[in-house]
Amino acid sequence: MKFNSCFSKCFSLPSETAIIDIRKEEPEPGNDQNFTVFSYSELKVATHGFSASNKIGEGAFGSVYKGLLTNGSIVAVKMLSIELESMRGEREFVSEITTLTNLEHENLVTLVGCCVEGAKRFLVYNYMENNSLAQVLLGGEQNRIKLRWGARGRILLGVARGLAYLHEEVKPHIVHRDIKASNILLDQNLIPKVSDFGLSRILRDNASHISTHVAGTLGYLAPEYAISGRLTRKTDVYSFGVLLLEIISGQTVVNFDLEHGEHYLVQKAWDLYRANRLLQLVDPVLGMNYPEEDAVRYIKVGLLCVQETARFRPEMSTALKMLTNEIDIGVVQISQPGLVADLMNIKLGHKTTFRSHYTKASNMESTPSSLSSCS
Ligand SMILES: Nc1ncnc2c1ncn2[C@@H]1O[C@H](COP(=O)(O)OP(=O)(O)O)[C@@H](O)[C@H]1O
Ligand SMILES: [Mg+2]
């Protein structure tokens with residue numbers, strides 16, 4: 001059911017005039033023929049009544065269900081669980097969602113529509129067969145082995161392209177705010193699709209809890225964002241750098257083991273960089289099956305993206321060129337990265353708490369014994 005035909009059904013608008021009025025407020029939607037405002041009953045049928053067996057995930061914004069539409073397409077339905085006061089009203093919500101639908105890029109997940117039912121809000125996305133990168137990274141060696149070097153490289157470049165599009169081609173630009181492995185979905189060909197971009201737009205301005213809702217895993221947060229809430233494109237670049245290190249190493253941003261306790265991937269990468277042993281960071285499940293030169297270059301780009309000082313981080317289009325070797329990273333100076341050390345005790349927005357826990361990587365050096373031996 002397309003935008004015009006089902007709008008009144010979903011919103012119980014009194015007349016045709018109201019429909020036309022809303023459409024006039026739209027900022028010239030370019031492809032709204034692809035945008036569907038679903039009725040609640042359509043989504044209920046598609047997801048077997050939002051049954052537990054259809055549930056595929058749960059995130060900061062709410063639960064996600066797999067659904068089958070009557071036209072045969074498979075979708076992921078996100079039921080937003082944000083309090084109504086902080087959510088935009090019906091018209092604004094649909095308007096913002098329409099704008100997001102106009103963003104089209106091979107590396108962005110396609111938002112096919114939305115639905116409003118009373119206080120409830122839903123977003124409907126194309127379903128991604130291979131779930132998210134988080135599943136691969138957290139799924140142990142068995143899962144990581146399937147992700148060979150070539151696939152990892154394509155994922156990195158794809159995510160970089162998707163972000164460069166949001167940052168540098170979309171006007172006004174969009175800061176993602178929540179780049180992390182679970183927001184990188186993988187389609188049937190393992191093509192990466194960045195998801196959850198622009199979600200802050202559906203929240204009312206100044207929503208007091210906006211940061212906690214949107215900011216996902218603390219390990220991906222740029223220090224300046226964690227400390228002061230200052231959000232720029234360079235905040236995303238930092239998160240991208242962390243993601244890159246995760247993809248290459250097969251490790252998550254914060255790791256824990258009995259021998260070393262909690263340790264941080266960014267710190268480890270920096271230690272190995274200074275010890276000139278960068279290849280030790282590469283996921284051991286890859287064996288020797290990767291080009292060393294590319295691996296070193298990728299890790300250096302990752303380190304450059306997580307620089308403590310935001311202005312030393314490259315723009316996404318530059319990072320992309322460095323990854324593809326169009327720009328020589330060999331001549332770029334890499335200084336120490338910044339990281340938020342004590343993740344458990346941090347509360348967003350409380351400066352005093354942050355200061356005591358925020359540490360430059362150099363101040364918390366690992367002992368050599370915490371690194372595996374040089375090969
Ligand atoms: N379009 C989609 N296709 C397939 N799985 C999805 C899709 N969107 C989300 N998911 C799954 O649902 C989970 C929860 O998603 P989300 O609510 O965005 O939370 P988060 O991003 O914090 O993990 C994801 O980790 C992913 O496994
Ligand atoms: Mg998500």
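**Helix, sheet and a buried loop residue**

Modeller: Helix α4 (residues 90-101) lies across β1, β5 and β6, running at about 175 degrees to β5. Helices (H or I, at least four residues) and strands (E, at least two) are DSSP runs, numbered from the N terminus. Contact means C-beta atoms, placed from the backbone, within 7 Å. Axes are lines fitted to C-alpha atoms, for helices over the stretch in contact, and angles run from 0 to 180 degrees between N-to-C directions.

Biologist: Is this predicted or experimental, and how is it numbered?

Modeller: This is a predicted model: local features need pLDDT of at least 70, side-chain atom pairs count only at pLDDT 80 or more, and totals for chains, interfaces and linings use all residues. Residues are numbered from 1 along each chain as its sequence is written, while chains are lettered from A and ligands numbered from 1 in the order in which they are written.

Biologist: What order do the six strands of the open sheet take?

Modeller: The order is β1-β5-β6-β4-β3-β2, with mixed pairing. Two strands pair if DSSP finds at least two bridges between them.

Biologist: Which strands stand at the edges?

Modeller: β1 and β2 (55-59). Each has a single partner strand, so one side of each lacks a neighbour in the sheet.

Biologist: How many bridges join β5 to β6?

Modeller: Six, and the two strands run antiparallel. Gly 113 has Val 124 in β6 as its bridge partner.

Biologist: New topic. Is Phe 38 buried or exposed?

Modeller: Buried, because 25 other C-beta atoms lie within 10 Å. The cut-offs: 20 or more is buried, 12 or fewer exposed, in between partly exposed, with C-beta atoms placed from the backbone. Phe 38 sits in the loop between β1 (36-37) and α3 (40-46).

Terms used: Contact = placed C-beta atoms within 7 Å.
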